[in-house]
Amino acid sequence: VTDTALIEPDVLERVLSAALVGGGDMAEVFAEDAATGSALLDDRRVEELSSGRSRGAGIRVVDGETTGFAHTADLSETGLLAAARAAAAVARQGGDGVRTVALEPLSDHGRGDRTAPDSVDKARKLELLTRADDAARAAGDAITQVQVGCGDSRRRILIANSEGLLAQDEQIRTRFNVVCVANGDTGMQTGYESLARTEGFEVFERYRVEDIAEIAAARALAKLSARPAPSGEVPIVLAGGSGGILFHEACGHGLEADHILKDASVYTGQVGQLVASPLVTLVDDGTVLGEWGNFAVDDEGHAPGRNVLIENGVLTDYMWDWLRARKEGRKSSGNGRRQSYQHLPMVRMTNTYLLAGAEDPDEIVAQTPSGVYVKKLGGGQVNTATGDFVFGTTEAYLIEGGRITEPLRDANLIGNGPEVLRRIDAVATDFDMTPGTCGKDGQSVPVGCGQATLRITGVTLGGTA
Amino acid sequence: VTDELLQLAHSVVDRALPGEGVEVYVTRGTETEVRAYEGEVESLTSADSSGVGIRLLLDGPEGAGSQVGFAWAGSLEPDVIAATLADARDNARFATPDPDVVLAAPDGVEAREIDLWDDAVGATPMEKKVALAVELERATRAADPRVRQVSSADYSDSRVEVALASTTGISSSRRRTNAFLSVDAIVGEGADTQTGSGFSIGRGPGDLVPDEAMDDAVLRATRMLGAQKVRSAHCTVVFDQRVASTLLGVLASALSGEAVVKGRSFFAGRIGETIAAEGMTLVDDPTDTRAYGAASHDGEGLACRRNVLISEGVLRMFVFDTVSARRAGAVSTGSAVRGGFAGTPSAGCRALVLSPGTKDLEEILAAVGDGLYVQSVTGVHSGVNTVSGDFSVGAEGLMIEGGALAHPVREVTVASTLQRMLQSVVEIGGDLRWLPGVAAGQTLAIADMTLSGD
């Protein structure tokens with residue numbers, strides 16, 4: 001896929017040596033060459049085709065507890081050396097003189113079986129937008145507005161550090177999303193659906209954009225007759241693939257080692273403890289090919305893992321990047337990620353999912369006398385120190401007498417991570433994943449979430465009824 | 001230095017071919033970010049960055065209007081700029097021709113000269129910036145015996161210069177600096193843990209007040225100790241300044257002319273109607289230098305101006321950029337905003353402020369009598385829909401009993417609709433505070449909200 005390294009190994013060796021000239025435990029060069037493209041169809045017009053290019057390197061020097069970081073858009077040796085000196089400037093004085101760095105042979109993880117976005121005719125991409133627009137509008141006369149977006153990115157990264165690591169990867173991602181507005185007697189409602197995969201344009205051979213559009217349209221239409229959501233504590237049944245965002249927020253962030261080591265998580269010191277219902281086995285897994293949070297090496301050059309975080313309710317491990325793993329004298333779990341070369345890496349989730357259970361999803365609903373059935377979740381947010389988290393519904397229904405009945409207007413759910421995880425009393429077999437964008441400390445990265453239909457015996461639903 | 005950027009922008013505009021319109025946005029900046037932890041520097045970032053964003057319009061078939069394409073790059077190298085221009089040109093070929101697609105042209109409104117630059121950001125030695133973060137962390141740990149942890153104590157600053165030029169006669173440049181201190185405190189008592197954050201902002205390090213950040217973080221955390229979930233109820237909710245600013249920021253997207261012309265705002269078609277409580281006047285005024293979002297020019301190079309959006313409860317106008325204004329049969333209100341060089345202009349607010357009332361927090365609490373005081377909200381992006389108006393957010397704060405703050409409350413939501421909330425504003429504080437984001441904050445009391453708890 002990539003015949004040359006972004007930066008030649010001998011240049012990298014000289015830059016890493018220069019970064020450590022004042023001392024320091026580790027120096028790292030993260031180089032990135034990213035190209036993105038997007039197209040937007042709005043109000044029946046192709047409004048915007050956009051292309052972007054971002055290329056540069058971030059250099060960090062870790063000295064004891066301190067990290068110095070500088071970045072540059074200049075990938076020449078001169079530009080890299082200047083950034084290396086800037087990053088080294090925070091390292092303590094009195095280093096041990098000249099340090100030579102010898103890199104291992106390059107391990108290149110780029111995959112050849114992906115259709116690179118820039119090799120696809122723009123007219124073909126636009127045809128997808130039009131097809132989705134037509135499908136959404138055909139779903140019902142009440143659909144008054146449709147916005148269809150697609151985007152792709154090709155990101156080449158190269159990581160070299162003074163421990164000798166040298167790795168390169170090419171990550172290709174493709175996304176497609178539809179937002180519909182439906183207009184009825186009670187006002188306007190919105191419906192959203194997206195597809196996002198770590199794959200090239202070939203993804204559209206397996207997924208029909210009409211399906212994405214129809215789901216978005218149906219979601220908006222259903223809510224036209226929606227009544228206000230109840231308020232107070234209610235049993236909740238989450239549909240399979242409705243958004244594993246529940247686990248992402250309820251415990252995922254709290255299991256990131258940077259929060260743990262600062263004692264800023266309710267899960268600090270809980271390894272080996274029962275922190276969830278025995279039905280909960282939670283995994284973070286960057287290796288799931290094609291999922292939105294998938295990659296061959298993380299942004300520190302380490303291979304991702306299938307990391308079991310909670311097994312049968314018992315907390316087994318946290319997620320680690322290089323810096324936090326080093327403090328504990330262990331290895332990175334492949335969770336060191338960053339938004340771009342302009343950012344420092346930190347502990348991030350990849351694809352976080354609850355393993356499927358044994359029950360029939362319909363049976364779970366049938367055995368719920370009253371409650372709320374959540375077909376689709378929106379975003380969420382957590383305070384890792386207290387464990388309190390929220391997540392929003394974008395498609396939900398009342399459950400009455402074990403049957404799904406009336407649609408409900410959007411609302412947030414609020415709960416406390418450890419409490420909610422203990423209240424999961426049924427998990428079904430119908431596992432599915434959904435893509436999302438995770439924000440932390442000002443950086444966004446693509447992640448996947450997954451879960452089968454499950455029931456929580458009580459969560460506070462923030463409706464008005 | 002900015003002249004050099006403007007020249008660069010013009011040199012690219014000059015490469016427009018016959019029948020093309022070109023708009024070039026170039027920017028250059030530096031940033032510093034220091035995080036302190038346990039008395040030491042945990043991380044220090046120092047970096048320069050630059051970028052270009054180019055919009056290119058092609059004349060479509062006679063009468064059909066123009067096609068627009070966009071491209072950006074994180075570099076100002078000549079070969080990169082040339083490639084970006086070529087990408088924008090290629091992208092334009094695929095857009096739908098549209099008579100409303102035009103570049104902004106000078107409209108005769110004079111830009112107000114405003115100074116948003118503090119030389120101290122560049123002149124202050126790194127050691128002093130580091131010391132600000134380290135001292136903030138130390139002082140916060142020492143502020144109260146219940147402070148268990150300071151998970152972040154940050155100093156950051158930035159210098160940004162922007163130049164914008166176009167074939168339609170736009171030629172503008174501006175520059176700004178920002179400095180920021182922030183701290184997150186974790187406090188504990190027995191098994192109970194609570195958190196609070198505080199910050200201080202300014203144009204330069206000399207404007208920063210570390211005690212303001214520290215006091216706010218510690219007070220917000222400690223007063224939440226012992227917080228409980230409460231019974232669901234209907235009540236008046238008093239939002240503190242920071243939350244009120246967030247709420248106005250959300251409302252801003254419904255006041256965007258672009259959302260309105262595309263049928264994505266519940267305000268569509270309601271100009272001239274009473275949509276808010278009688279005393280409520282909402283203005284977007286980026287020419288007020290106290291505002292964090294202050295600017296001389298908008299994202300298309302037109303002069304920023306004072307726009308009165310809601311006057312005494314009556315909806316008066318929306319904010320427009322050039323294209324959305326044409327779609328609505330209006331003119332730009334100088335309200336184009338763009339997310340840096342990688343974004344295209346769209347209509348938005350920069351400096352919203354409500355006409356202040358006369359009461360301070362204490363007087364508002366006394367007037368409200370019983371209700372909930374909310375000091376922070378969560379899930380705003382997932383629980384507020386500016387198309388339908390549905391509003392539901394996670395909240396923490398204190399109950400208001402007998403006109404004063406009482407016991408702390410957590411794990412509850414407050415809900416209503418934005419439409420109803422606007423009509424139910426019962427108090428607007430006189431305690432105006434300029435905050436980061438697109439809106440100032442002042443204490444705001446809204447009646448008849450649903451508090452959801454047990």
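Predicted model: local features only at pLDDT ≥ 70, side-chain atom pairs only at ≥ 80, totals over all residues.

Reader: Which residues of helix 1 of chain A and helix 2 of chain A meet?

Author: Helix 1 of chain A contributes A:Val11, A:Arg14, A:Val15, A:Ala18 and A:Ala19, which meet A:Glu77, A:Leu80, A:Leu81, A:Ala84 and A:Ala88 in helix 2 of chain A. By class, the residues of this contact divide into 8 nonpolar, no polar and 2 charged. Arg and Glu count as charged, and A:Arg14 and A:Glu77 are among the residues that meet.

Reader: What makes helix 3 of chain A and helix 5 of chain A oblique to each other?

Author: The axes of helix 3 (residues 122-138) and helix 5 (residues 209-224) of chain A come within 8 Å and cross at roughly 40°. Roughly parallel requires an angle under 35 degrees, and roughly perpendicular 65 to 115. The pair is therefore oblique. Helix 3 of chain A passes helix 5 of chain A in a right-handed crossing.

Reader: Which residues form the contact of helix 3 of chain A with helix 5 of chain A, and how does that contact divide by class?

Author: A:Leu128, A:Arg131, A:Ala132, A:Ala135 and A:Ala136 in helix 3 of chain A meet A:Val209, A:Glu210, A:Ala213, A:Glu214 and A:Ala217 in helix 5 of chain A. The contact has 7 nonpolar, no polar and 3 charged residues.

Reader: How do helix 4 of chain B and helix 5 of chain B cross?

Author: The axes of helix 4 (residues 126-143) and helix 5 (residues 210-222) of chain B come within 10 Å, at an angle of roughly 35°. The crossing of helix 4 of chain B with helix 5 of chain B is right-handed. B:Leu132, B:Leu136, B:Ala139, B:Thr140 and B:Ala143 of helix 4 make the contact with B:Pro210, B:Ala213, B:Met214 and B:Val218 of helix 5. By class, this contact has 8 nonpolar, 1 polar and no charged residues.

Reader: What makes the lining of the largest cavity nonpolar, with no polar and no charged residues?

Author: The residues lining the largest cavity are B:Leu247, B:Leu248, B:Leu251, B:Met280, B:Leu354, B:Leu418, B:Met421, B:Leu422, B:Val425, B:Leu444 and B:Ile446. Leu, Met, Val and Ile count as nonpolar, and the class count is 11 nonpolar. Helix 6 (241-254), helix 11 (418-423) and strand 18 (444-452) of chain B each supply at least two residues of this lining. The volume of the largest cavity is about 130 Å³, and the search of the whole structure finds 6 cavities of 30 Å³ or more.

Reader: What lines the second largest pocket?

Author: The second largest pocket has a volume of about 340 Å³. Its lining consists of 16 residues, with A:Val266, A:Ala385, A:Thr386, B:Ala191 and B:Thr193 nearest its centre. Strand 6 (residues 192-202) of chain B gives the most to the lining, with 3 residues. By class, the lining has 5 nonpolar, 6 polar and 5 charged residues.

Conventions
Residues numbered from 1 in each chain as written. Chains lettered and ligands numbered in written order. Heavy atoms only, no water. Axes fitted to C-alpha atoms, helices over the stretch in contact; angles between N-to-C directions. Helix = DSSP H or I, 4+ residues; strand = E, 2+ residues; numbered from the N terminus. Parallel < 35°, antiparallel > 145°, perpendicular 65-115°, else oblique. Left-handed = near helix turned anticlockwise from the far one by under 90°. Contact = heavy atoms within 4.5 Å. 1 Å grid on protein atoms, 1.4 Å probe; cavity = no way out; pocket = protein on both sides within 12 Å on 5 of 7 lines; lining within 4 Å. Points joined across faces, edges and corners; volume = space filled by probe spheres on them.
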